[in-house]
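The stops below are given in the order in which to select them.

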Amino acid sequence: MFYFRYLRSELVGRRTRTVLTLVGLALGVALVITISGLARGLDRAQKTALNPLSAIGTDLTVTLSPQQDTGGFGRGGGGEVVQANQSAVTDLSKLGKPGTQFVHDFFLPGTQLTFPQKQTAKIASLPGVASISNGLVLSAVHQEGVVPKIVAKIKAGGQQLDIRRQIKPPTAAEAAAIQACFQKLGVGVGGGPQSGTQPGGQQGFGGGRGAGGGGGFFSSPAARKCLPARMREFRARITTPQQTLKQVVSPPQTNIKSSSYTIGGIDPAQQSIGLVTPSQLSRGRFFSKSGGHEALVSAAYAKRKSLKLGSTLDLNGTRFKIIGLVSPPLGGQTADVYIPLAQLQKLASQKGLANVVLVRATSSSDVAKVQMEIEQALGSGAQVASAKQVAASINGSLVDAANLSHDLGLVLAIIAAVAAFLVAALLTLSSIGKRVREIGTLKALGWSQRLVVRQVLGECLATGIAGGLVGVVLGVLAAAAIGAFGPSLSASSTTGAAGANDVLGLGQALARTASTSVSLTAPLSLSLLLFGFALALAGGLIAGGAGALRAARLRPADALRQME
Amino acid sequence: MTGDLLYDVRDATRSFRRGDATINALGGIDLAIEHGEIVALVGPSGSGKTTLLQLLGALDRPTSGQVFFEGRDLNTLGDNELADLRLRAFGFVFQTFNLIPTLNALQNVEAKLAPTGVPEDELRARSLALLEEVGLSDRADHLPSQLSGGEQQRVAIARALSTEPRVVLADEPTGNLDSRTGTEVVDLLTSLSEERRHTVILVTHDAEIAEKAHRSVRMQDGRLLEPTLA
């Protein structure tokens, strides 16, 4: 077919112009696709990260914060907070035998006061409340180290004691008994007891008969048998002199490392509402309904602490197996580690206590009403936050970007679309403008207006399709590139009663900041790609049609007169 | 004047607006041309030769007056009828050749023949035959930019003749050629047309070229110098 050959020759022959038009169209299409994709990506990121409560099936969160005034059921001031947090005192003596390695976790309720779980039944019974779930979110301090051994070296002993003492001589009765005893044994004792000590005697005290000169009288068997007990051995009570030993004892050597994290207790029986629900699970599985010694760890904390599925966490001797990684929603009641509520209550000695109640209303239109009811029922100490309020407390680049996308995303997409359309139209018009003389020639050759327009439209269609396709490919690549290397948008939210913290000077230690980062992506859809493609085609065809018609309607003489 | 006349031009004028000024390119032309004539329109530049040729070739319409072609007033025909007339009855040769730059020699010939709806194989065969007649069968696949001026004009002649027109209209066909090539091209054009009994209307300011015509019509300032009727 001649017209196709002509079309091909025209596109191939005017390569520079064709490529320019193609690139222009492709860039326009790619721009529309990328910007629209980005706007969608931001929208999606915003929906997941910035609407945290709905992700966990919750409309309202109820917490109890210490009040500075004395109203409500808080006792006023920060007394409760100090009391609640004083278990942070580390008693080394209770951690084990000196020298042993210890690991200990302290669980502190932070600035959210705990309340008996039983009380929350009051909330559940309010009209408009569909379901509630109790949670316990605690700040935990993890300490590990060695129980210090205190050793003091004290030198003692080595004193010499000299004892001198007169032994009382035997009485007359004793002397007679001794005498008799010796005689009986056949050992003569010269003289009486008085002369007994005189060495001149045949059998004197000075030398035993059988024992030899140096043997001593007292040690002879006869003497042992015959002398009274008092004389056989010498007894005396000696009191050594009192003295005080002074020595500086070195401080105990130990390193105690402490790190803090947050831990949340959730009711595993309720899977549709809770601090985290199965929908936040990024890997692994959720708690079984019965609970058990299992833990879920936030993906960020797992990364920081190199924890993996199947690793175990040792919390004061109880081992918890990590069964899943979660991406907890922002908005206050987040934690790094989640374990079943009952387990946490036991560990933290908070039996029967919770510090956050998640509430789902029966219908979204009731939320405001339910919020008021809860506030009235619990008094001023209770803080009831709606999803909207929680979302408002989130800040970070993601929020900025989301606001931007809200305000500008559509406008940008429209601008890009108009730009793509105009680029297509202008490029087509300019290429037709340069061909007016050629169109005049065709008309002089006898081409009808219809034929000329058809030919130009054919070229526009071909360029439009090619440019659109290249643009779609570029757009897809750009979106993929954004997904792969795109900026990470972060969102964070801080909880904790700032006022109370300031008063108490507890500062940031008790305020928890949770943050999440969402990698920016530009999700595409077939309709978006088709839209971008159609836009380029329409721009080219409309402009091509209009331009060609205008040129073809010129009298050939006028068209031929146009400068090349 | 009889209906046998090919052309009957009656008091045709053509004026252009240039801003506020009106330029009268043609001022009251009366001209008759018969079948098979070779007519040279001669005159200095700006005398209105090309404007008259464009009226005769239905590339333009007169501001006033009438142009009868084969007894039909061209003013009464619509754009599509004029286009059909240009396709089947006229063949144009331009000073600047006006070949489509992206088409090769053969395709340039086909560009005129294709709208008549001839079958694809006939289109090619007839176009090749014409190129052979103008001595360019070995250049069929050359682009205009690869051909010399004389060769380009010969392609243009082949193109003009492709639909077997009744009239060949040539606007300074030698204007961009050296004199030898110009003479060759005009000889080719006139001989081929005479063979086919085509009428040829030739605009030129070259007296030597004009001599090859059966008759010359002289023009100056938009008027014919010596109204000649055959």
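Which residue takes a positive phi near 50 degrees in the hairpin of β8(A) and β9(A)? Select N316(A): it takes that value, in a hairpin with two residues between the strands.

Before going on, note that this is a predicted model, in which local features need pLDDT of at least 70 and side-chain atom pairs count only at pLDDT 80 or more, while totals for chains, interfaces and linings use all residues. Residues are numbered from 1 along each chain as its sequence is written, chains are lettered from A and ligands numbered from 1 in the order in which they are written, and side-chain values use heavy atoms, with hydrogens and water left out.

**The hairpin in chain A**

β8(A) covers residues 312–315, and its antiparallel partner β9(A), residues 318–326, is joined to it over four bridges; strands count as paired if DSSP finds at least two bridges between them. T312(A) has K321(A) as its bridge partner in β9(A). Buried means under 20% relative accessible area, exposed over 50% and partly exposed in between, with a 1.4 Å probe and protein chains only.

**Helix α3 of chain B**

Move to chain B and select residues 105–113, helix α3(B). Nine of its nine residues are buried. They pack against α1 (2–13) of chain A, and in chain B against α2 (79–88), β6, α4 (120–133) and α5.

Next, select N98(B), in the loop between β6 (90–93) and α3 of chain B. N98(B) is buried, with a relative accessible area of 7%. Neighbours within four places in sequence aside, N98(B) is in contact (heavy atoms within 4.5 Å) with R437(A), T441(A), L560(A) and R159(B).

**Helices α5 and α6 of chain B**

Select residues 149–161 and 179–196 of chain B, which are α5(B) and α6(B). Their axes, lines fitted to C-alpha atoms over the stretch in contact, come within 10 Å and cross at roughly 15 degrees. The two helices are therefore roughly parallel to each other, a term for angles under 35 degrees. From α5(B), the contact is made by G150(B), Q153(B), R154(B), I157(B) and L161(B). From α6(B), T181(B), V185(B), L188(B), L189(B), L192(B) and S193(B) take part.

**The sheet in chain B**

Colour the strands in the order β6-β7-β8-β3-β9-β10 (chain B): these six form an open sheet with mixed pairing. β6 and β10 (223–224) of chain B stand at the edges with a single partner strand each, so one side of each is left without a neighbour in the sheet. β10(B) pairs with β9(B), residues 215–220, in the antiparallel sense over two bridges. There, M219(B) stands opposite L224(B).

Finish with D11(B), which is found in strand β1 (residues 7–18) of chain B. D11(B) has a positive phi of about 50 degrees although it is not a glycine, and it is partly exposed at 45% relative accessibility. E70(B), in the loop between β4 (64–69) and β5 (72–73) of chain B, also has a positive phi, near 50 degrees. At 29% relative accessibility, E70(B) counts as partly exposed.

Technical notes
Axes are lines fitted to C-alpha atoms, for helices over the stretch in contact, and angles run from 0 to 180 degrees between N-to-C directions. Angles under 35 degrees count as roughly parallel, over 145 as roughly antiparallel, 65 to 115 as roughly perpendicular and the rest as oblique.
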